[in-house]
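Please read them with the viewer open.

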Amino acid sequence: MGAGAEKADMSALEQALAAAREDAELVALLELEREAAEGLDASGLTFRQVRFQRCRFENCDFGSAAFYDCDFDGCAFSGCRFPVSFWRDSRLTGCKAEGGDFRKARFKGCVLTGLRLRWANFAAALWERCTLTDCALCEAACQELKLVKTTLQAVDLTGANLFRAVLKGTDLSGCTLDQIFLSASCQELKGAKIHASQAAVVARILGIEVIG
């Protein structure tokens, strides 16, 4: 089979990634809809102003990839890896990445809405000037996660591991904090804001019995 025939068999995303590997490692100004990819290697690539709409990814590697002004709308990521990835001014809406690997990923100026991130790994990641709304991070690994000027609205952190997370200045009053894991001193919540009704959760972590 000739090179032309092989290229014809490739999806638009696969063609874009192949071209990026040959020239500047950049994928830009592209709209992708209903793409399906398995075992894709997108590690180290830069995506700029790319829109992914209702795409499905399985066991794909986005390690050390960078996303600038990108949109992910209704996408699903199964067994995908994003360690040490970088995200700036990007928007993720209605996406599912349960169990996703986002260790040491950095999100700056991003908007995350309606994401399902149960069991995801955000250890040592950074969210700076981001907004998370209606996101589920139940049982997520968020050890040493750092939040800077980030807004959380209706974020479900049930069972999340927040050991040594830096939450100073973060308003957690609209979040679900049931069964979260903290250090014995609850130092992670120092400087954070919680609602009066959430004080009982913290008290239970400290071994304090709340009566009445």
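1. A word on burial before anything else: a residue is called buried under 20% relative accessible area, exposed over 50%, and partly exposed in between, using a 1.4 Å probe and protein chains only. With that in hand, S90 is buried, at a relative accessible area of 1%.

2. Some ground rules for what follows. This is a predicted model, in which local features need pLDDT of at least 70 and side-chain atom pairs count only at pLDDT 80 or more, while totals for chains, interfaces and linings use all residues. Residues are numbered from 1 along each chain as its sequence is written, and side-chain values use heavy atoms, with hydrogens and water left out.

3. Now the overall picture. The protein has 3 helices and 15 strands, where helices (H or I, at least four residues) and strands (E, at least two) are DSSP runs numbered from the N terminus. Its C-alpha trace spans about 75 × 25 × 25 Å along the principal axes. Of the 212 residues, 43% are buried.

4. A polar atom of the S90 side chain lies 3.4 Å from the backbone nitrogen of D69. The cut-off for a polar contact is a pair of N or O atoms within 3.5 Å; within protein, one must be able to donate a hydrogen and the other to accept it, and residues adjacent in sequence count only if both atoms are side-chain atoms. Not counting residues up to four places away in sequence, S90 touches F67, Y68, D69, C70, G109, C110 and V111.

5. T150 also deserves a look. T150 sits in the loop between strand 14 (146-148) and strand 15, and is buried at 7% relative accessibility. Which backbone nitrogen does the side chain of T150 reach? That of C130, at 3.3 Å. Beyond its neighbours within four places in sequence, T150 has contacts that include W127, R129, L132 and T170.

6. V50 belongs to strand 3 (residues 46-53) and is buried, with a relative accessible area of 1%. Its contacts, leaving aside neighbours within four places in sequence, are V27, A28, L29, L30, L32, D69, C70 and D71. The C-alpha atoms of V50 and D71 are separated by 6.5 Å, with the two residues 21 apart along the chain.

7. Finally, two backbone angles to check. E25, in the loop between helix 2 (12-22) and strand 1 (26-33), has a positive phi near 60° without being a glycine, and is partly exposed at 29% relative accessibility. A154 is likewise not a glycine, yet its phi is positive at about 55°. A154 lies in the loop between strand 15 (151-153) and helix 3 (199-205) and is partly exposed, with a relative accessible area of 48%.

Notes. Contact = heavy atoms within 4.5 Å.
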